[in-house]
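Please look at the sequence and the 3D structure below, and keep both in view while reading.

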Amino acid sequence: MVKLVLRRLSGAIPLLFIISIITFSLVLMIPGDPALTIAGDSASEQTLAAIRERLGENDPILTRYFAWIGDVLWLDFGSSLFSETSVTSAIWQRLPVTLSLAVVALVISLLISLPAGLIAGLNSGTIFDRLLTIGASMGVAIPSFWLGLLLSVVFAVNNDWLPAIGYVSIAESPVEWFKHMLLPAFSLGLASSATLTRQLRSSVITTMQQDYIRTARAKGLRGRKVVFKHLLKNASVPAVTSLGLQIPILLSGTVIIEGLFSLNGIGNYAVSAVLLQDLPVVQAVVLLSAVVVVVTNLAVDISYAYLNPKTRLQ
Amino acid sequence: MTMSEPRTGSPADTSAPPLLEVDGLMVDFNTDQGWANIVDNATFRLDRGTTLGLVGESGSGKSVTSLAVMGLLPKSVGRVRSGSIRLDGTELTGLSERRMEDIRGDTMAMIFQEPATSLNPAFTVGDQIAEMVRRHRGVNRRLAWDRAIEVLGEVGIPNARSRAKAYPHEFSGGMRQRVMIAMAISCEPRLLIADEPTTALDVTIQAQVLALLDRLVRDHDMAMLLITHDLGVIAQVSDEALVMYAGQIVERALVSELYQLPRHPYSEGLLVSMPQIAPRTSARLASIPGSPPMPWQQPSGCRFHPRCPYALERCRHDEAILVQLSETRSSRCLRVDELDLGRGGNE
Ligand SMILES: Nc1ncnc2c1ncn2[C@@H]1O[C@H](COP(=O)(O)OP(=O)(O)O)[C@@H](O)[C@H]1O
Ligand code: SF4
Ligand SMILES: [Mg+2]
């Protein structure tokens with residue numbers, strides 16, 4: 001098991017290297033001149049040359065890549081083209097907002113999908129299952145921003161039940177933090193919960209028909225033991241794949257939700273950076289997102305090895 | 001453990017209450033064609049320490065009969081319509097699921113046809129045996145694990161102590177079936193149901209597994225309901241045989257009697273199609289022409305009449321009932337007294 005983790009980790013390194021090259025190449029792909037972006041259209045040629053020199057634009061591309069990646073390895077993403085503030089500290093400041101949003105959304109979607117998928121799968125064909133399946137289909141179809149708007153109108157505008165905008169840090173007030181997270185996280189997580197519910201339901205149904213479930217019952221095990229031990233460990237294999245796919249989806253969803261609920265997170269930061277062509281910020285966000293995806297896949301792979309001992313071979 | 005004497009072909013004292021008593025069992029299934037009767041009025045008894053073979057072609061209702069006894073009919077698809085199943089004096093039909101869970105694995109245990117899929121791939125074999133021991137014996141993990149190693153050794157798994165930590169996919173088919181058997185006997189059940197325990201195995205392994213079952217049943221004084229489509233298997237280990245066709249028991253006999261003189265044309269057909277010398281998996285020398293009916297289109301009269309070489313006009317109309325011929329024999333044939341059956345014209 002430890003060997004497997006190490007092997008997968010070392011396999012991820014070349015991948016991260018390639019991702020870093022692609023991210024860096026954004027320099028070449030984004031149209032426009034950063035120096036012009038910074039100094040404005042009226043700047044003199046000398047000013048522009050000085051800025052280019054400072055940004056290292058005159059160096060060969062490989063030198064620039066190694067300088068950049070060298071800094072990145074120390075978590076230094078340079079400074080924003082405009083504010084001169086360190087990108088790393090700006091991200092560090094906004095990380096709790098985005099992380100709170102994504103994690104609460106994930107927790108909400110698991111809290112909904114685990115029981116819903118399990119109950120629907122174990123009672124497939126009943127009215128209850130049909131209702132849940134219809135609900136899940138609707139959940140998948142509702143766009144998060146539309147749901148967010150609707151929830152804001154109902155819970156914040158028409159009634160005074162929950163705040164519709166802003167963020168309160170968890171250190172400051174856990175209760176306020178939770179209240180502020182509830183609407184955005186629910187809007188973000190509902191579609192995921194619907195997808196996960198459907199996935200879990202179908203894998204529960206398939207697993208229930210397996211011979212080893214009949215064996216477990218033939219042994220006289222209690223019903224809950226059959227479900228929570230013998231069924232769940234096997235049925236969660238496809239569900240974990242689905243969960244792994246949901247994490248990048250949730251992260252990209254934060255961009256829209258942060259905008260809608262005025263949350264000053266990484267998503268908002270990225271959007272403004274793209275609009276301003278603030279390259280160091282864009283590179284940092286792209287690279288971080290890629291790392292999150294790689295790490296998620298790694299976690300999915302490793303949980304396969306735990307859930308399905310056969311994959312531990314080779 | 002003392003070895004019981006070799007099988008003489010006589011069942012245990014019939015005055016003692018039997019271990020398993022099935023009476024008028026009717027099982028229905030919800031098929032593609034609606035509700036259909038799968039097991040029709042099955043009545044039989046199994047005495048302590050004896051082995052009863054249940055034989056018939058595929059689809060005759062053998063597995064469904066055994067699953068009904070175990071209370072493992074697939075929910076919402078299969079149901080016991082009527083009849084009684086008594087195990088050790090306890091009526092099982094209508095028992096709550098919780099009570100059935102207490103009995104399953106403890107008083108009765110079951111081995112299935114496919115060892116490859118019957119063990120959970122996600123847990124070690126030792127764990128899968130030990131959890132059952134803990135469930136019924138209420139012992140701690142250590143003792144349960146020791147018991148798992150003990151039974152794995154008993155069924156002939158080499159290096160049981162280390163193999164207990166292996167996963168099912170790390171065993172061969174024959175060894176997996178041994179693991180299933182070890183699991184089944186781990187709580188010393190009184191009744192062992194083996195549903196085609198050797199069908200999925202290589203020919204050479206089949207004989208070993210049968211011999212193992214035979215030995216265990218004697219050593220532990222268990223009763224066994226051995227289900228197979230192969231009369232050769234019954235000949236090796238059973239005292240008594242039930243022949244099943246299209247959901248009905250068509251003949252009941254001591255194995256020795258059945259071999260000497262079948263009293264039902266279907267039994268005769270099975271005997272004739274049984275390879276005498278060639279390995280059991282080789283092509284059938286001869287087989288009964290035609291195929292069994294679908295449960296939703298059972299023929300009128302005697303259900304075997306479309307395939308029976310002795311069928312007369314009345315076999316199409318008159319219902320054949322199971323008639324007791326002697327203390328040990330019954331036959332469901334309208335012409336049982338007229339026919340001179342043997343091993344298919346060999347005599
Ligand atoms: N899960 C099921 N759903 C519908 N029909 C079934 C199911 N299992 C068995 N049957 C039907 O019950 C009949 C008897 O099956 P079974 O007891 O498995 O036969 P055997 O074990 O003698 O080969 C078959 O005709 C089959 O079509
Ligand atoms: S009743 Fe008739 S058809 Fe049925 S087995 Fe006897 S002879 Fe054959
Ligand atoms: Mg069967």
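Of what chain B buries against chain A, 22% is supplied by F123(B), E131(B) and H169(B), which is more than any other three residues supply. The model is a predicted one, and every value given here is computed from it.

How many residues does each chain bring to the contact? Chain B brings 30 residues and chain A brings 21 residues.

The polar side of this contact can be counted too. Between chain B and chain A there are 19 residue pairs in polar contact, with both residues at pLDDT 80 or more. On the side of chain B that touches chain A, at least two residues come from each of α1 (62-70), α2, α3 (115-118), α4 (125-137) and α7 (173-185) of chain B. The largest share of that side is from α4(B), with seven residues. Sorted by class, the side of chain B that touches chain A holds 12 nonpolar, eight polar and 10 charged residues.

**Charged pairs**

Side chains of opposite charge can pair when their charged atoms come close. A search of the whole structure finds 31 salt bridges over all chains, and the count between chain B and chain A is six. One salt bridge joins E131(B) to K219(A), with the closest N and O atoms 2.7 Å apart. This pair crosses between chains: E131(B) is in helix α4 of chain B, and K219(A) is in the loop between α10 and α11 of chain A. E131(B) was also named above, as one of the three residues that supply 22% of the area chain B buries against chain A. Another salt bridge is formed by R222(A) and D102(B), whose closest N and O atoms are 3.0 Å apart.

**The build of chain A**

Which kinds of element does chain A have, helices or strands? Chain A has 13 helices and zero strands. Read along the sequence, its pattern is therefore α repeated from one end to the other, as in α-α-α-α-α-α-α-α-α-α-α-α-α. The C-alpha trace of chain A spans about 85 × 60 × 35 Å along its principal axes.

Rolling a probe the size of a water molecule over the atoms shows where empty space is left. The largest pocket has a volume of about 840 Å³. It is lined by 24 residues, and those closest to its centre are L122(A), M208(A), R217(A), P74(B) and K75(B). At least two lining residues each come from α6 (87-122), α9 (174-208), α10 (211-218) and α11 (223-260) of chain A and from α2 (97-103) of chain B. The largest share of this lining, four residues, is from α10(A). By class, the lining of the largest pocket has 11 nonpolar, seven polar and six charged residues.

The second largest pocket has a volume of about 690 Å³. Its lining takes in 26 residues, and L95(A), L251(A), I266(A), L288(A) and V292(A) lie nearest its centre. Here α6, α11, α12 (266-276) and α13 (279-307) of chain A each supply at least two residues of the lining. Which helix gives the most to the lining of the second largest pocket? That helix is α6(A), with nine residues. The lining of the second largest pocket divides into 20 nonpolar and six polar residues, with no charged residues.

**Enclosed spaces**

The structure also holds three cavities of 30 Å³ or more. The largest cavity has about 80 Å³ of space. Among the 14 residues that line the largest cavity, P265(B), C302(B), C308(B), C315(B) and C333(B) are the closest to its centre. The lining of the largest cavity is made up of 10 nonpolar, two polar and two charged residues.

Methods
Residues are numbered from 1 along each chain as its sequence is written. Chains are lettered from A and ligands numbered from 1 in the order in which they are written. This is a predicted model: local features need pLDDT of at least 70, side-chain atom pairs count only at pLDDT 80 or more; totals for chains, interfaces and linings use all residues. Side-chain values use heavy atoms; hydrogens and water are left out. On a 1 Å grid over the protein atoms alone, a cavity is a set of points where a 1.4 Å probe fits but cannot get out, and a pocket is an open set with protein on both sides within 12 Å along at least five of seven lines; lining residues have an atom within 4 Å of a point. Grid points are joined across faces, edges and corners, and a volume is the space filled by probe spheres set on the points. Ala, Val, Leu, Ile, Met, Phe, Trp, Tyr, Cys and Pro count as nonpolar, Asp, Glu, Lys and Arg as charged, and the others, Gly among them, as polar. Contact means heavy atoms within 4.5 Å. Buried area is the accessible area (1.4 Å probe) that two parts lose on being put together, summed over both. A salt bridge is a side-chain nitrogen of Lys or Arg within 4 Å of a carboxyl oxygen of Asp or Glu. A polar contact is a pair of N or O atoms within 3.5 Å; within protein, one must be able to donate a hydrogen and the other to accept it, and residues adjacent in sequence count only if both atoms are side-chain atoms.
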